[in-house]
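Subject: Structure for your review

Dear colleague,

Please find the structure below, together with its sequence.

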Amino acid sequence: MGQVLIANGRLKKTELVTRYGLLPRDMRKIDTSNLPHIDIRPTVILLNLLYLKVLIKRDRVLLFDMDGTRTSSVQASFVEDLQTKMRPDRTDGVAPPPYEFEVLDAVLNAVVIELGNELESVRTPVISLLAELEENIDRQKLRMLLKLSKQASAFEHKAKLVRTVLDDILESNDSLSALYLTDNAQNVHGPEDLAEVESMLESYYAICDEIAQDAQSLTSMIKNTDDIVQTILDTNRNSLMLLHLKFISCTLALGTGTFVASFYGMNIQNVLTEADLGFVVVSAGSVTCIAGAGWFGLRIVGNLRRVTMKRNKGFLG
């Protein structure tokens, strides 16, 4: 069986490069890169899959320590799963798979489980928030929707990156063949014997693809809800603008009537103040001006609304 070693800053980079036949750029990828990748060398497999950074040989595995609560829990789960796989009584007399496949299976299993957990941690508040937005829309909920939208998009990107890494290996027979570290070291592996590792990778690829599709569906739901909310807000804003224009038209009409009536109240000698029907004439003229100016203003607002609706209809149609 193999060994499980945890390198917690005790091994120098130069020592790792020399002992395991790595290249300096391999260590840079492990040390600085956050993008998922699987590098296959003649005697080692180097994995950087979001939560785990692992070096696999045909008889041992090195787990690089990473900071963070989430990564620590994934590392603990990976080590526990791997120790279970290494138990001598686990196989029940059946020949176990190569050691590197046991480790690779434990790594991918820990990664997809954590991806599933992270998906649920994003999906649950999103579904709850979308249900609340159907009842009421306020600024706080819109801010939360924006925050969750960014989280969902970031998670979707991560899931697709892991899926792409697995797909790249499945597309290359040379990469699949190079994963057989034990058989290659013993020169007993043929290029056609790829079913075991291909079946394992395809199963995890299917899981990652399902997670990525669920994340994409979640981001689509958020986007559709955001579009609907923006449409509702635009409609309300347009209604307020039209109401404002109507108030302006009515105010203008009242001002016109008041302007006409003000001549009657001036302290100057004129025919209207002397006539018996002067008050009636001025009142009727004021009302007529108010009605005429109001009708004219509201007609302009109505025409503006119809033009706007026609433009929107033409744009949508």
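**The strands**

Strands β4 (residues 52–56) and β5 (residues 60–64) pair in the antiparallel sense, with three bridges between them. Please bear in mind throughout that this is a predicted model. Two of the residue pairings can be named: I56 has V61 as its bridge partner in β5, and V54 has L63 as its bridge partner there. The two strands form a hairpin, and three residues lie between β4 and β5.

On its other pairing, β4 is joined to strand β3 (residues 45–49), again in the antiparallel sense, over five bridges. Here L52 of β4 is the bridge partner of L49. The hairpin of β3 and β4 has two residues between the strands.

Strand β3 also pairs with strand β2 (residues 37–40); the two run antiparallel and are joined by four bridges. Within this pairing, H37 stands opposite N48 of β3. A hairpin is formed by β2 and β3 as well, with four residues between them.

**Burial of the strands**

How many residues of β4 are buried? The count is five of five, and the strand is accordingly described as mostly covered. In a regular strand, side chains alternate between the two faces of the sheet. For β4, one side carries L52, V54 and I56 and the other carries K53 and L55; all of these are buried, and both faces are covered.

I would draw your attention to L50, which lies in the loop between β3 and β4. L50 has a positive phi of about 65° although it is not a glycine. Is L50 buried or exposed? Its relative accessibility is 16%, so L50 counts as buried, the cut-off being under 20%.

**Helix packing**

Two helix pairs deserve a description. In the first, helix α4 (residues 99–135) and helix α5 (residues 139–170) have axes that come within 10 Å and cross at roughly 155°. The two are therefore roughly antiparallel to each other, as an angle over 145 degrees is counted in that class. Their crossing is left-handed.

Which residues of α4 and α5 meet? From α4, the contact includes L108, L115, L119, V122, P125, V126, L129, L130 and L133, as well as E118 and E132. From α5, the residues are K141, L142, M144, L145, L148, A152, F155, K158, V162 and L166. By class, this contact of α4 with α5 has 17 nonpolar, no polar and four charged residues.

In the second pair, helix α1 (residues 13–20) and helix α2 (residues 24–32) pack at an angle of about 125°, and their axes are 10 Å apart. The two helices are therefore oblique to each other. The crossing of α1 and α2 is right-handed. The residues that meet are K13, L16 and V17 from α1 and P24, M27 and D31 from α2. By class, the contact of α1 with α2 has four nonpolar, no polar and two charged residues.

**The chain as a whole**

The secondary structure of the protein chain comes to ten helices and five strands. The chain has 317 residues, of which 35% count as buried. Among contacts between residues at least 6 apart in sequence, 60% join residues at least 24 apart.

- the β4 and β5 hairpin, with three residues between its strands;
- L50, in the loop between β3 and β4;
- the contact of α4 with α5, whose crossing is left-handed;
- the contact of α1 with α2, whose crossing is right-handed.

With kind regards

Notes:
Residues numbered from 1 in each chain as written. Predicted model: local features only at pLDDT ≥ 70, side-chain atom pairs only at ≥ 80, totals over all residues. Heavy atoms only, no water. Axes fitted to C-alpha atoms, helices over the stretch in contact; angles between N-to-C directions. Parallel < 35°, antiparallel > 145°, perpendicular 65-115°, else oblique. Left-handed = near helix turned anticlockwise from the far one by under 90°. Contact = heavy atoms within 4.5 Å. Nonpolar A, V, L, I, M, F, W, Y, C, P; charged D, E, K, R; others polar. Buried < 20%, exposed > 50% of the residue type's maximum accessible area, 1.4 Å probe, protein only. Pairing = 2+ DSSP bridges.
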